[in-house]
Amino acid sequence: MTERDVFEYALLRVVPRAERGECFNAGVLVYCRAKSFVTARTYLDVTKLLALDPEADVAGVRAALRAVEGVCTGGEAAGQAAQDDAGRRFRWLIAPRSTVVRPGPVHTGLTTDPQAEAERLLGLLVR
């Protein structure tokens, strides 16, 4: 049997108008400590975004989602987080913020392939 590792994940939610409290899933963060792995997979449904707020800043929301992906990737794209390990970057990304793109609660599971898990969760919970 292939060894499975514990992983953690959180959904990225878009909240176009905080006063209304409406949101939808636009991505998933996946972290696996055993593999020193962190990634974000995103998909912005522009139709949903504009249905909740016809004046939403689509380019701004896309930029926020790309920024999360950049922090996961590390290197120059991660900005100040570039020197942090995968776990610290994940913890920083799941910290609550008052922005249009917000992390949801953290969940756990077991996986043999965290990269494939990210794709599976994106398809199951976002698309």
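1. E8 sits in strand 1, where helices (H or I, at least four residues) and strands (E, at least two) are DSSP runs numbered from the N terminus. The model is a predicted one: local features need pLDDT of at least 70, side-chain atom pairs count only at pLDDT 80 or more, and totals for chains, interfaces and linings use all residues. Residues are numbered from 1 along each chain as its sequence is written, and side-chain values use heavy atoms, with hydrogens and water left out. With a relative accessible area of 16%, E8 is buried; buried means under 20% relative accessible area, exposed over 50%, and partly exposed in between (1.4 Å probe, protein chains only). The side chains of E8 and R91 form a polar contact of 2.8 Å. A polar contact is a pair of N or O atoms within 3.5 Å; within protein, one must be able to donate a hydrogen and the other to accept it, and residues adjacent in sequence count only if both atoms are side-chain atoms. Neighbours within four places in sequence aside, E8 is in contact (heavy atoms within 4.5 Å) with L29, V30, Y31, F90, R91, V106, H107 and T108.

2. Helix 3. This helix spans residues 86-94, and its buried residues are A86, G87, R89, F90, L93 and I94. Viewed down the helix axis, these residues fall within an arc of 160°, so they line one face of helix 3; the arc is that of the directions from the helix axis to the C-beta atoms. Their cover includes strand 1 (5-14), strand 2 (24-32), strand 3 (37-42), helix 2 (58-73) and strand 4 (101-111). At the start of helix 3, a side-chain oxygen of D85 comes to within 3.1 Å of the backbone nitrogen of G87.

3. D84. The loop between helix 2 and helix 3 holds D84, which is partly exposed at a relative accessible area of 24%. Its side chain makes a polar contact of 3.4 Å with the side chain of R88. D84 and V71 are 13 residues apart in sequence, and their C-alpha atoms are 9.7 Å apart in space.

4. V38. This residue of strand 3 counts as buried, at 8% relative accessibility. Not counting residues up to four places away in sequence, V38 touches V30, Y31, C72, A86, R89 and F90. Of these, A86, R89 and F90 are among the buried residues of helix 3. C23 is 15 residues from V38 along the chain, with 24 Å between the C-alpha atoms.

5. S36. Although S36 is not a glycine, its phi is positive, at about 50°. S36 is placed in the loop between strand 2 and strand 3. With a relative accessible area of 60%, S36 is exposed.

6. The largest pocket. About 190 Å³ of space lies in this pocket. On a 1 Å grid over the protein atoms alone, a cavity is a set of points where a 1.4 Å probe fits but cannot get out, and a pocket is an open set with protein on both sides within 12 Å along at least five of seven lines; lining residues have an atom within 4 Å of a point. Grid points are joined across faces, edges and corners, and a volume is the space filled by probe spheres set on the points. The lining has 13 residues, of which A64, V68, L93, R97 and V101 are the closest to the pocket centre. Helix 2, helix 3 and strand 4 each supply at least two lining residues, and helix 2 gives the most, with 4. By class the lining has 10 nonpolar, 1 polar and 2 charged residues. Here Ala, Val, Leu, Ile, Met, Phe, Trp, Tyr, Cys and Pro count as nonpolar, Asp, Glu, Lys and Arg as charged, and the others, Gly among them, as polar.

7. V61. Helix 2 also contains V61, which is buried at a relative accessible area of 6%. V61 touches V14, L44, L49, V100 and V101, leaving out residues up to four places away in sequence. V101 is also one of the residues closest to the centre of the largest pocket.

8. T111 lies in strand 4 and is buried, with a relative accessible area of 5%. A polar contact of 3.2 Å joins its side chain to that of E117. Beyond four places in sequence, T111 touches E3, R4, D5, F7 and E117. E119 belongs to helix 4 (residues 114-125) and counts as partly exposed, at 42% relative accessibility.
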